[in-house]
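I opened the notebook to look up how some of the strands pair. The entries follow the order in which I looked.

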Amino acid sequence: MAEENQIPEPQAVILPEIPARDAVIHVTMDKDRMKAEMLIDAPEGEGKPATIADIYAALRKENVVYGLDEAALASLGTPLYGQTVVVAVGTPAQNGVDGSYEEIFPQQIEKKFAQRKDGTLNFKELGLIRDVPAGTTICNITLPTPGVEGKNILGQVLKAREGRRVLAPAGEGVHLTEDGLRLVAVNSGHLVFRAGRWCVDKVYSVTDIDLDVGNITFSGDVVVNGNMLDGFEIHAGGNVTLRGEVGAVLVVAGGNISVERGINGMSRAVLEAGKEVKAGFIENCTVRATEKIHASSVINSFVECEGVVEVTQGKGIICGGKITSFGSVTANEVGNASNTLTTIVLGVTPKLLKERKELNEKLEDVTKHIEEMLKNINYIQRLVADGRPIPPERKQILQRTQIQLPMSEKKQAQLQQAIADLEDKMQNVNAATLTARILHPPIKISIGALSTNCLETKERCRVYKNSEGELVFGTY
């Protein structure tokens with residue numbers, strides 16, 4: 001029984017022998033060759049572990065030579081088994097940024113009624129003209145940037161696209177600056193966005209001037225192809241051309257005014273030109289020009305011209321009203337058979353009289369100032385002569401006066417000469433003549449300071465001031 005209860009001795013377990021296997025290094029890359037990852041399988045048995053040299057050799061075998069992460073590779077060389085680690089990353093190419101532009105002005109001009117001082121709206125001032133001076137910046141332009149090359153993990157260069165230049169929307173009257181950074185106005189004028197481009201028009205052209213267009217204030221030329229209705233205004237720095245009907249309006253131009261049909265101003269119209277006025281007919285209005293006024297007829301109007309007045313085309317009639325001209329007045333007929341009074345004033349104009357008045361006022365002011373300075377000088381000289389001390393403030397006045405007096409005396413002499421020249425010009429009226437085929441009385445005629453009345457009909461008549469200083473009704 002004792003033998004049956006004995007525990008058998010354990011037998012030795014023989015484990016199978018583990019074959020030796022070196023560590024295995026796996027290198028994988030994405031399809032763009034921009035990233036490489038590494039995974040190391042641990043060695044088995046007496047297999048050889050992965051070394052740093054093995055790791056770099058594996059990368060070389062796969063041609064991974066760029067963008068290596070040295071820290072990540074060092075961690076794998078610890079070694080680190082069974083974990084996927086990113087070991088190389090390429091540098092992507094950076095395409096250049098395309099150029100662009102920023103518009104300073106809105107493309108569309110919106111109506112904006114002007115407000116009067118009393119708060120009411122002026123429905124004739126619509127703000128539809130965008131008048132810009134030459135050199136105005138219309139667009140700011142951003143230039144394109146160059147591209148930057150990249151490299152993949154195989155060391156291959158990745159090309160980059162250069163940024164494209166923006167096509168600046170430059171139309172007529174607009175150009176790009178040399179540095180390519182701005183779109184600017186070449187000339188002054190009306191800035192408009194038309195057909196996808198910015199343009200600066202030197203001529204502002206409309207069909208009619210009415211409540212849809214409003215008053216016009218513009219630095220360049222204005223052309224009205226239709227009618228200009230009563231009560232509207234044009235203020236132009238250049239020429240004004242009116243091709244349709246013109247009524248009780250105000251037109252002021254720095255250059256010429258051309259009224260192709262004519263104007264009946266109903267005693268309210270005013271035309272003022274820096275150069276010439278040319279009209280088919282002028283009736284019941286005021287016309288002023290610096291150089292010349294030319295019309296086929298002037299009826300019941302007030303005309304002022306620093307140059308000459310010619311009414312010789314068509315009927316060539318001047319009747320009623322008052323014609324003032326520094327030079328000559330020429331017409332086919334002056335007056336009419338109904339005895340309408342017509343006044344002709346030659347050799348002087350309101351502008352010259354105003355200029356003389358202003359010069360005299362300036363001379364008076366300068367003369368008074370000189371007199372005050374001389375009084376101060378004389379007072380200080382008396383103090384010195386009497387041996388009395390000169391107060392510090394008086395010394396300062398004397399110093400200022402000694403500087404200002406010569407300048408004021410020079411200004412006084414210049415004004416005196418300007419007045420003398422103007423007086424000579426106004427006295428020399430030999431070129432001021434009235435010439436007409438027919439003079440119908442009554443006509444009041446003045447040349448300079450001389451005046452006379454034409455009380456009978458005269459033909460082929462020329463009125464002038466002779467060498468003896470008399471007004472003469474001659475013939476031609």
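I began with strand E2 (residues 35-41), which six bridges join to E1 in an antiparallel run; strands here are DSSP runs (E, at least two residues), as helices are (H or I, at least four), numbered from the N terminus, and two strands pair if DSSP finds at least two bridges between them. Within this pairing I found Thr 28 opposite Glu 37 in E2.

I noted that the model is predicted, that local features need pLDDT of at least 70 and side-chain atom pairs pLDDT 80 or more, while totals for chains, interfaces and linings use all residues. Residues are numbered from 1 along each chain as its sequence is written, and side-chain values use heavy atoms, with hydrogens and water left out.

I then followed the whole sheet, which is open, has three strands in the order E1-E2-E3 and pairs them antiparallel. Its edge strands, each pairing on one side only, are E1 (24-29) and E3 (85-89), and the twist averages 25° from one strand to the next.

Next I looked at what packs on this sheet, and found helix H1 (residues 52-61), which touches E1, E2 and E3, contact meaning heavy atoms within 4.5 Å. The direction of H1 makes about 40° with that of E1, where axes are lines fitted to C-alpha atoms, for helices over the stretch in contact, and angles run from 0 to 180 degrees between N-to-C directions.

Last, I turned to strand E18, which pairs in the parallel sense with strand E16 (residues 216-218) over three bridges and is joined by four bridges, also parallel, to strand E20 (residues 250-253). Ile 234 stands opposite Ile 216 and opposite Val 251 in E20.
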